[in-house]
Amino acid sequence: APVTVDAQLVPGGIISGQLRRRDGSPAPGSPVSTLRFSELSVPDSNNTTSAADGSYHLRGLVAGDYLVCATIDSFYTCYGASDPGGVPQTGAVFARTVDVVAGGEITGIDISLEPLRHTYLPAINRE
């Protein structure tokens with residue numbers, strides 16, 4: 001006897017944006033990845049590489065909250081993160097999650113390295 005299965009295929013969501021180096025130039029060929037924890041606390045990740053103009057598109061995402069991270073010039077940082085001074089592969093501080101809905105595209109999720117911080121020492125004049 002034939003079996004009837006009721007199913008609804010929902011298109012996956014998309015996250016897109018730009019990757020930039022410290023000087024503001026595009027960061028082509030940089031790996032970009034997402035990380036989402038499901039209800040079972042199983043990590044769910046998607047990966048891509050930025051295009052020649054630094055743009056990226058992560059497609060086919062299940063609805064949920066994602067961290068979006070990239071490695072730019074050996075420095076690992078995430079969307080909305082405060083780069084802790086540019087130490088390679090230290091991770092990211094205060095990263096923001098991106099809420100993806102099925103079939104929707106979230107644009108403008110740009111990731112860039114902060115300019116290098118300068119340290120200024122006080123000057124003392126002797127008379």
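Asp73 lies in the loop between E5 and E6, strands here being DSSP runs of E with at least two residues, numbered from the N terminus. The model is predicted, so local features need pLDDT of at least 70 and side-chain atom pairs count only at pLDDT 80 or more, while totals for chains, interfaces and linings use all residues. Residues are numbered from 1 along each chain as its sequence is written, and side-chain values use heavy atoms, with hydrogens and water left out.

- Strand E5 (residues 64-72) and strand E6 (residues 75-78) run antiparallel and are joined by 4 bridges; two strands pair if DSSP finds at least two bridges between them.
- Across this pairing, Thr71 stands opposite Tyr76 in E6.

- Asp73 is not a glycine, yet its phi is positive, at about 50°.
- Most residues other than glycine have a negative phi.
- Asp73 counts as partly exposed because its relative accessible area is 40%; buried means under 20%, exposed over 50%, and partly exposed in between (1.4 Å probe, protein chains only).
- Ser74 also lies in the loop between E5 and E6, and this residue, again other than glycine, has a positive phi near 70°.

**Disulfide**

- A disulfide is taken as a pair of cysteine sulfur atoms within 2.5 Å, and the count by this rule is 1.
- The link of Cys69 and Cys78 is right-handed, with 90° about the S-S bond.
- Both Cys69 and Cys78 are buried.

**Arg20**

- Apart from neighbours within four places in sequence, Arg20 is in contact (heavy atoms within 4.5 Å) with Ser25, Pro26, Ala27, Ile72, Ile111, Ser112 and Leu113.
- Arg20 and Glu114 are 94 residues apart in sequence, and their C-alpha atoms are 9.3 Å apart in space.
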